[in-house]
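Subject: Structure handover and findings

Hello,

Please find the structure below. My notes on it follow.

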Amino acid sequence: MRRKSYEPFLYLTPGVFFLAFFIVLPVLFLLVLSFFRWDMLSGAISFAGLENYSEMFKDPALYNALKNTVLYVAGVVPAGMAIALFIAVQLKGKLRTYSIYRTSIFMPVIVSLAASGVIWLWIYDYRSGILNHLLSRIGISQINWLGNPDTALISVIIVTLWQRIGYNMVIFFAGLQVIPEQLYEAAMIDGAKASGQFRYVTWPNLLPTTSFVLVINLIFAFRDFDQIYVMTRGGPMSRTTTLVYHIYETAFAEFNIGMAAAVTMILFLIVMAVTYLYLNYMGEKA
Amino acid sequence: MKASTIFKHLLLALISTLFLMPFVWIIVTSLRGPVEVLREHTLILSRFRWENYISAWRASNFPRQFLNSFVVGVSVTLGQIFTSALAGYALARMEFKGKKIVFMTVLATLIIPYHMLVVPLFVMLARFGWINTYRGLIIPMLANGFGIYLFRQFFKKVPWQLEEAAAIDGASRWSTLWRVVFPQALPAAGTLFIFTFVAEWNDLFRWLIFTHSTEMRNVQLGLSVFQEQFATDYVRLMAAVVIVTVPTFILFVIGHKKLIQGISLGGIKG
Amino acid sequence: MLKIKNLKKSFKSTIACKNIDFSVESGEFFVLLGPSGCGKTTILRLIAGLEKPDEGGVFFNDKNLGDISVQERNTALVFQNYALYPNMSVRGNLTFPLKMRKISKTKTKDTVEKIASMLKIKNLLDKKAVKLSGGQQQRVAVGRALVRKPEIFLLDEPLSNLDAKLRQHLRMELIKIHKEMNITTLYVTHDQNEAMTLGDRIAVLRDGNIHQIGTPEEIYSSPVNLFVAKFIGFPEINLFKTKYKPEKGAVNILGKELQLFEKGTELPDNTENVTAAVRPEDIHISSNNDDIEGNIEVKEVSGPDTVLYLNVDGYPVRMRVAKDKKGLLEKIKTNIKIEPEKVLLFNSKTERIIKNENIRTI
């Protein structure tokens, strides 16, 4: 076919240009920024070398954010995946009732994280929220879900799970569809009951899907912001301040751009490491 | 019916109810009176106070916010479809040096959420004077690695003969792309449309950071501000939540298959 | 002994099995033959327990299998697409059924090795099952089924995805294995050639009904209706719609009168409208110029036989002759004659057989 040599670039340019300019470039810029001291309010910029980093590693706020992030990820990812997988396996089939269940569990996905936060602010309300009301009905004392430092993070995790499980379920479901029904039949004839079928047919054939869900969930968990902002603003006592929120505060509450960049680099490295591990694992499998 | 089937249905029904309850609850709440709502914890409504919705609509700057969300949402979505189709076509059909590297880079960007780029992006946009403008909200989002990947996969499946026939009929490459090849990937475009629009509509973080005036808020940010202002006015707050979610709900009803498709595409091949 | 009694099964709007009734002797190789959609696969699945019948039942040694779960029935099934476990090696696939039945590790190892040797896949044991060729995967599928020494061995068109030569070869192997292991076997196929080669007895099905059960010879020479007569035999049997004249004991075929019985013989129910059927090998080249004349349009030479497609006054006739007919390849016009003893008569309306020496009249 007739081909002009510059043609590919003409086509690629818009898309790739935007990607390059607004994603790749900022990544590099991020690195550069992290070596500068830049106060947004006064506008004063000065080269700081590794000062931001050394200061950051001495800052207890960083470790608090790291701790909260680890707790948050540990709370959201395994549960989000396991519950979703369980539901997806149960919902295999063409029955109409199954698709009703599927749609119900999927519904929270369309609500924004911000709106979810608002909804659950109401549900979690100390005095008039429905949760505490139900608790009082069965005789348990009221819990200050979002106000109590010990329960705040869990409360946020629940909100995220409410949304995330439906999302994961849909992906798992698609992965399950691809497994030929005949494999299950062969396994049944070979004597495998439900647990045997899951262990020997479902799980091994679902591995690519499962690892995909894992990576997606990890990335989501690292970047979840909206619901934290709406529900707790990172509190109480910074108990729900994850890395992303910490970056937000550093940059836009403390106006310390250079430091925020440095912290972002840390987050970036963590996410890259996780993804790299995943790609390696998938590469091995292929 | 077997006992295990009944048990399974009960369990699933219970789980589904748990997931749906918040929705039911907010709708019920939004139709209550402001005093009633603090006491009443059943699902029974004595009256349907539709005026709450009107009141909520007026109390916040909803019209402007809807406009903002809509303008940016549609622009970003259409823009992404456009650039992704172009790039996807180049990657699917054209040979050039460095093709593999470009594709790898495109895929690599999928991993980087913009959440991590807000700091440098903010600085960049501030330098351009794009803070608090439509430009600043639309332009950085005009390319999407996922969209490029999606179109590339779809275009690869279009048989060569179609393009050859178009060439014989005298069509230029550009025409061929948009009149012959792209229509073959309309499902992909539809999926991308819904997927991207919903993501844009639901975004809070970007608007929080890149805008500062009351005029330049989207519905999510507006909702958040509403919540700050009227913290205990749960009645109107829930009405606001419903109002804000209606467009995505409509999209969901129309295209839930597409939305689900978009989400699950990664999971099949991994 | 496997007994299928009055089996009925439908799916939504289609009735897959209308009234299936047959028995299979212990150790017999029984073939279910029929065009696609006739219900043969459904019968297999009902025996395996993958489907439940709407009416009727599957009985093995007088026990109703209906209440026994798929896992517990001692049946084995070889799927058309093999359905090998993709994440396991060949060994893994062969071991799995034994693992599910909690057979000891040593016994498992022995059995697996024995079956692998018998199927000549011992050297493939550690390879990933789905990476093998079609023929190899087929053997693994058979191995997985046999490793449990099932009481009923079911095969669903196992050879249809293989090329002709491989199919031949594996067919022979299956016969050998069957002789060695002597398991009650049900084999489903749409290939009548395969059915005739493999089966001790064949059941010919169509649209959910069994039309005839018999040995290959019985089915070939004594088909009970036109469907069976047409389905079995290559090339297809020649059919002539004609009238039987009792006073002459003859029918008119291709413009010539052919006497079949003694003059004055009446057909049961005084049938007049008949379809006369003649196998291609029962039509011969004649040197007599008064015999039926036709044009040879296509000649298919294959090995010891030649198939001729003739045009007799616009009517197609198929013949099968021995290769060494001299001068056949150059001829265009030829004369043919039909062996009257070999003509089968069918009632044109009911399509059932009317009279033939070998079978009992209906």
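Chain B and chain C share no contact (heavy atoms within 4.5 Å). Their closest C-alpha atoms lie 13 Å apart. There are 2 pairs of chains in contact, and chains A and B share the most contacts.

Some conventions first. This is a predicted model, where local features need pLDDT of at least 70 and side-chain atom pairs count only at pLDDT 80 or more, while totals for chains, interfaces and linings use all residues. Residues are numbered from 1 along each chain as its sequence is written, chains are lettered from A and ligands numbered from 1 in the order in which they are written, and side-chain values use heavy atoms, with hydrogens and water left out.

Chain C overall

Chain C has 8 helices and 21 strands. These are DSSP runs, numbered from the N terminus: helices are H or I with at least four residues, strands are E with at least two. The C-alpha trace spans about 75 × 50 × 35 Å along its principal axes. Of the 362 residues in chain C, 51% are buried. Buried means under 20% relative accessible area, exposed over 50%, and partly exposed in between (1.4 Å probe, protein chains only). Take the contacts in chain C between residues at least 6 apart in sequence: 65% of them join residues at least 24 apart. Chain C exposes about 17600 Å², with 48% of it from carbon and sulfur atoms. Accessible areas come from the Shrake-Rupley method with a 1.4 Å probe, and for residues only the protein chains shown count as cover.

C:Asn93 is in helix α2 (residues 90–100). The residue is buried, at 0% relative accessibility. Beyond its neighbours within four places in sequence, C:Asn93 contacts C:Leu84, C:Tyr85, C:Met88, C:Ala129, C:Val140 and C:Arg144. C:Ala129 is 36 residues away along the chain, yet the two C-alpha atoms are separated by 7.4 Å. The C:Asn93 side chain also reaches the backbone oxygen of C:Met88 at 3.5 Å.

C:Asp282 sits in the loop between β14 (273–278) and β15 (283–286). Its relative accessible area is 9%, so C:Asp282 counts as buried. Leaving out neighbours within four places in sequence, its contacts are C:Lys337, C:Ile338, C:Glu339 and C:Lys342.

Backbone points to check

Most residues other than glycine have a negative phi, and most peptide bonds are trans. Here are the exceptions I noted.

- C:Asp62 is not a glycine but has a positive phi of about 70°. This residue lies in the loop between β4 (55–60) and β5 (63–64) of chain C. C:Asp62 is exposed, at 65% relative accessible area.
- C:Lys102 is also not a glycine, and its positive phi is about 60°. Its place is the loop between α2 and α3 (105–118) of chain C. C:Lys102 is exposed, at 71%.
- The peptide bond joining C:Phe234 and C:Pro235 is cis, with omega about -5°. C:Pro235 is in the loop between α8 (226–231) and β11 (238–245) of chain C.
- From A:Gly235 to A:Pro236 the peptide bond is cis, with omega near -5°. A:Pro236 is in the loop between α10 (226–231) and α11 (243–252) of chain A.

A loop residue in chain A

A:Ile143 lies in the loop between α6 (130–137) and α7 (152–177). At 26% relative accessibility, A:Ile143 is partly exposed. Residues up to four places away aside, A:Ile143 touches A:Tyr126, A:Asn132, A:Leu135 and A:Thr151. A:Asp125 is 18 residues from A:Ile143 in sequence and 9.2 Å away, C-alpha to C-alpha.

The second largest pocket

Its volume is about 1100 Å³. Of its 22 lining residues, the closest to the centre are A:Val89, A:Lys92, A:Glu181, A:Gln197 and B:Lys8. A pocket, on a 1 Å grid over the protein atoms alone, is an open set of points where a 1.4 Å probe fits, with protein on both sides within 12 Å along at least five of seven lines; lining residues have an atom within 4 Å of a point. Grid points are joined across faces, edges and corners, and the volume is the space filled by probe spheres set on the points.

Which elements supply at least two residues each of the lining? They are α3 (60–90), α8 (181–189) and α9 (194–223) of chain A, together with α1 (3–30) of chain B. α9(A) gives the most, with 5 residues. By class, the lining has 7 nonpolar, 9 polar and 6 charged residues. Ala, Val, Leu, Ile, Met, Phe, Trp, Tyr, Cys and Pro count as nonpolar, Asp, Glu, Lys and Arg as charged, and the others, Gly among them, as polar.

Best regards

Definitions and conventions: Polar contact = N/O pair within 3.5 Å; in protein donor to acceptor, adjacent residues only side chain to side chain.
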